[in-house]
Amino acid sequence: MLERIFHLREHGTTVRTEMVAGITTFLTMAYIIVVQPAVLTGELFVSTLGEEVRTGMDFGAVTAATCYATAIATLLLGILANYPLAQAPGMGENFFFVLTVVPAAAGLSAVAAGHTSAWQVALGTVFVAGVLFLVISVLGLQVFLLRAISPTLRNGIAVGIGIFIAFIGLQNAGVIVKSPGTGVALTSTVASPDLLIFAIGLIVTAALFSRGVRGAIIVGIAVATAVAVGLRYLVSFLPQVATWPAVAESRLLLPAEQGGFAVASQILSLPPSLAPTLFRMDVIHALSLQMVPYIIIFLFMDVFDTLGTLVGVAEQAGFVRNNEIPRAKQVLVADACGTVLGAVAGTSTVTSYIESTAGVEQGGRTGLSAVVVALLFLAALFFYPLVCMIGSYPPLTAPALIVVGAMMMRNVTKFDWSNFAEILPAFVVMLGIPLCYSIADGLALGFVSYPLVKFSAGQGRDVHWLMYVLAVVLLVYLVGFRG
């Protein structure tokens, strides 16, 4: 049955390989189960922005909504498109939801009068954007866009995503920290237990990966977790160790909700109720004139986050044939359905996850690995304490992101190095994605620069007409809406 549905032999894979890939992808993105409710409820920002940032959404309901929406969207994608892609609420989108859309919705007269709440209107904007995305996907308009992207630019997107997830990995590990003068810098606490745990996980993962061991990333995460548990108990038995500066400032001693490591006290728990957020989106007030710009921005972010991730994964897995990405329409339809279902359940925009490349590096080539991810997210509702232990402590999964980011750099060999007019826009995308901290914004910069550079170099006729149209639209977005 699995062979008939997913064509495993045709893709040179096995059930075992797909399961390992699915588990790997799940472990690298399991943090969303903890982070998403912390963001959407506003709990993540209370310490820095004050109590007024709380949205009023129920933490448990958002947790359940995140798992259900992720599972359904990823299952749809795996079966419809047969791609090793996982989907979940987007990190950029959920910050935009809380810090921009909810405050904007709070200014509506209906919210002020108490007829509705700001978070319900915000969910309504997500729902409307998802429906629009679904219409675009069903009509197949995104296929024209994929065909319009040159091979060099497409590979530049893959490399940019690789640098981006490696950068995220370094930040999650605590190697790279914020700096007032330079933006980012190397941490001053190199002897931190966080970095020790990360380094052990990275060395184990890299060593096994270099030897061609299947499941190297999972083993690396398991070893890092064992080391973290050992160090946590060591500190509890030797309290004087906790006074050491490097240890005292580490996340190892922080509570899990603050990015620390807490050993799970139990394995199983009952899933939280979905009722407080289910079908609570307010579509009527979301369609008010004040909220239309936010619908457009949500639509833009979802479309280009998904396209960017799809291109990156397709290049990494070797799916591209004759400048075509097979079954791209099905991927985007599944993504759009995920966004609609997510809004219905009570979470922000669902999009394809760049962490899927971790599973691809473990050999995932079909939708079976996506199905495994979906089932694990459903199971996570019952194994919530265990998932929290791993997913809420970023140094455990950071090595996986570093390894995957390094492997995605291979796409630079596919550039047309003889044509600088192709190289420069690809370079803009490569830098734009990580430095903007957004796939969508990085793509916008690259897509605006591509026709301009090509035209100025006398190669304007080589550019697909859609790229000119897109450049104008994205320029309007960057100038008129991005702020």
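A residue is called buried when its relative accessible area is under 20%, and exposed when that area is over 50%, with partly exposed residues in between. The legends below apply these words to a predicted model.

**Figure 1. The whole protein chain.** The predicted model contains 23 helices and four strands. Its C-alpha trace spans about 70 × 65 × 55 Å along the principal axes. Buried residues account for 57% of the chain. Of the contacts with a separation of 6 or more, 80% join residues 24 or more positions apart. The chain exposes about 19400 Å², of which carbon and sulfur atoms supply 69%.

**Figure 2. The salt bridge between Glu 422 and Lys 454.** The two side chains meet at 3.0 Å, N to O. Glu 422 belongs to helix α21 and Lys 454 to helix α22 (residues 439-456), so the pair links distant parts of the chain, 32 residues apart. Lys 454 counts as buried because its relative accessibility of 2% is under 20%. Glu 422 is also buried, with a relative accessible area of 8%.

**Figure 3. The salt bridge between Arg 410 and Glu 361.** Here the side chains meet at 3.6 Å, N to O. Arg 410 lies in the loop between α20 (398-408) and α21 (420-436), and Glu 361 lies in helix α17 (residues 356-361), so the pair ties together parts that are 49 residues apart in sequence. Arg 410 is partly exposed at 39% relative accessibility, whereas Glu 361 is buried at 13%.

**Figure 4. The salt bridge between Arg 9 and Glu 3.** The distance from N to O in this pair is 3.9 Å. Arg 9 is exposed, with a relative accessibility of 68%, and Glu 3 is partly exposed at 27%. The salt bridges in the model number three.

**Figure 5. The surroundings of Thr 349.** Thr 349 sits in the loop between α16 (328-345) and β4 (350-352). Its relative accessible area is 1%, so Thr 349 is buried. Beyond residues up to four places away in sequence, Thr 349 touches Ala 88, Pro 89, Gly 90, Glu 93, Val 126, Phe 298, Asp 302 and Thr 339.

**Figure 6. Helix α19 and the helices around its buried residues.** Six of the eight residues of α19 (residues 384-391) are buried. These are Pro 385, Val 387, Cys 388, Met 389, Ile 390 and Gly 391. The buried residues pack against α2 (15-29), α3 (31-40), α12 (216-237) and α18 (367-380).

Definitions and conventions: Residues numbered from 1 in each chain as written. Heavy atoms only, no water. Helix = DSSP H or I, 4+ residues; strand = E, 2+ residues; numbered from the N terminus. Buried < 20%, exposed > 50% of the residue type's maximum accessible area, 1.4 Å probe, protein only. Contact = heavy atoms within 4.5 Å. Areas by Shrake-Rupley, 256 points an atom, 1.4 Å probe, with all protein chains shown as cover. Salt bridge = Lys/Arg side-chain N within 4 Å of Asp/Glu carboxyl O.
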